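This briefing concerns aromatic rings and the charged groups placed over them. The model is predicted.

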Amino acid sequence: MKSCLLKACRFLCLFLILPLRLAHALGLRGFYKRLFPLLVYNITFSYNDKMNRAKKELFRNVCGFANRDGSLRLLEIGCGTGANFQFYPYGCTVLCADPNPHFETYLRRSMDANKHLSYEAFLVASAEDMKELDDESVDVVVCTLVLCSVRDVKLVLQEIRRVLKTGGAFYFMEHVVSKPSSFTFFLQHTIEPLWFYIGDGCVITRATWKDLESAGFSQLHLNHFEAPVTSVIRPHIMGYSIK
């Protein structure tokens with residue numbers, strides 16, 4: 001019965017988003033890609049307020065992966081508007097990568113507001129193919145709310161392992177699929193088609209922890225928690241892996 005209800009609700013959602021699918025087919029998604037960074041920039045302030053404690057906990061030991069001379073080269077994949085900059089340690093060098101070039105305007109605002117960091121470059125690149133970066137060239141990689149939107153999570157994790165130095169760390173924070181017995185699980189699978197379009201490719205039903213567990217890192221420190229945000233993306237994971 002529950003399965004039939006889920007299929008019926010999902011079908012209704014698919015029907016309701018036909019105009020969005022048509023717009024995408026006609027190539028109008030480019031307009032939304034220009035608008036999306038503005039939406040993210042405005043949402044970021046509220047999200048960071050709610051997640052302040054969790055982010056401080058996540059990034060508290062980043063400086064432990066610095067080199068002997070104190071230098072730390074950090075790559076943030078899917079940097080967006082620079083929402084994480086305030087949590088990075090003083091003096092580290094940040095390399096930003098995002099497939100959407102329209103984020104750069106808002107990214108610059110975050111750079112100006114976080115003078116305790118050095119900024120190396122803004123790369124317009126997909127997480128699956130960061131050919132601009134050499135093997136073992138960064139000390140730390142960060143992804144927050146990114147693995148939900150990439151085309152191939154396994155390939156992204158492979159690229160992260162490639163660019164990380166041996167002994168370097170990959171920090172992550174992602175919303176994930178809920179427990180199958182929960183109403184949130186039902187809600188996630190019902191509105192997934194709509195969320196994909198309004199979230200610029202975001203998939204809310206991914207069990208991302210499984211990909212992290214099989215990615216081949218030497219260590220994985222992962223926690224599940226309920227974030228103080230809207231119910232459909234409340235199930236979160238965070239932690240770090242060591243190459």
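In this predicted model, the charged end of Arg-109 sits over the ring of Tyr-41, at 5.2 Å from the ring centre. A second case involves Arg-161, whose charged end sits over the ring of Phe-217, 6.0 Å from its centre. Both rings also take part in aromatic pairs, including Tyr-41 with Tyr-106 and Phe-217 with Phe-170.

**Aromatic pairs overall**
- The count of aromatic pairs comes to 14.
- Ring pairs join Phe-59, Phe-65, Phe-85, Phe-87, Tyr-88, Tyr-119, Tyr-171 and Tyr-240 into a cluster.

**The pair Tyr-41 and Tyr-106**
- The rings of Tyr-41 and Tyr-106 lie 5.1 Å apart, centre to centre, with 35° between their planes, and the pair is tilted.
- Tyr-41 belongs to helix H3 (residues 29-58) and Tyr-106 to helix H4 (residues 104-113); the pair thus links distant parts of the chain, 65 residues apart.
- Tyr-41 counts as buried because its relative accessibility of 16% is under 20%.
- Tyr-106 is likewise buried, with a relative accessible area of 13%.

**The pair Phe-170 and Phe-217**
- The ring centres of Phe-170 and Phe-217 are 6.1 Å apart and the planes meet at 20°, so this pair is stacked, the angle being under 30 degrees.
- Phe-170 is in strand E5 (residues 164-175), whereas Phe-217 is in the loop between helix H7 (208-213) and strand E6 (219-226), so the pair ties together parts that are 47 residues apart in sequence.
- Phe-170 counts as buried, at 0% relative accessibility.
- Phe-217 is also buried, with a relative accessible area of 13%.

Methods: Residues numbered from 1 in each chain as written. Predicted model: local features only at pLDDT ≥ 70, side-chain atom pairs only at ≥ 80, totals over all residues. Heavy atoms only, no water. Phe/Tyr/Trp six-rings, centres within 6.5 Å; stacked < 30°, edge-to-face > 60°. Helix = DSSP H or I, 4+ residues; strand = E, 2+ residues; numbered from the N terminus. Buried < 20%, exposed > 50% of the residue type's maximum accessible area, 1.4 Å probe, protein only. Lys NZ or Arg CZ within 6 Å of the ring centre and 35° of its normal.
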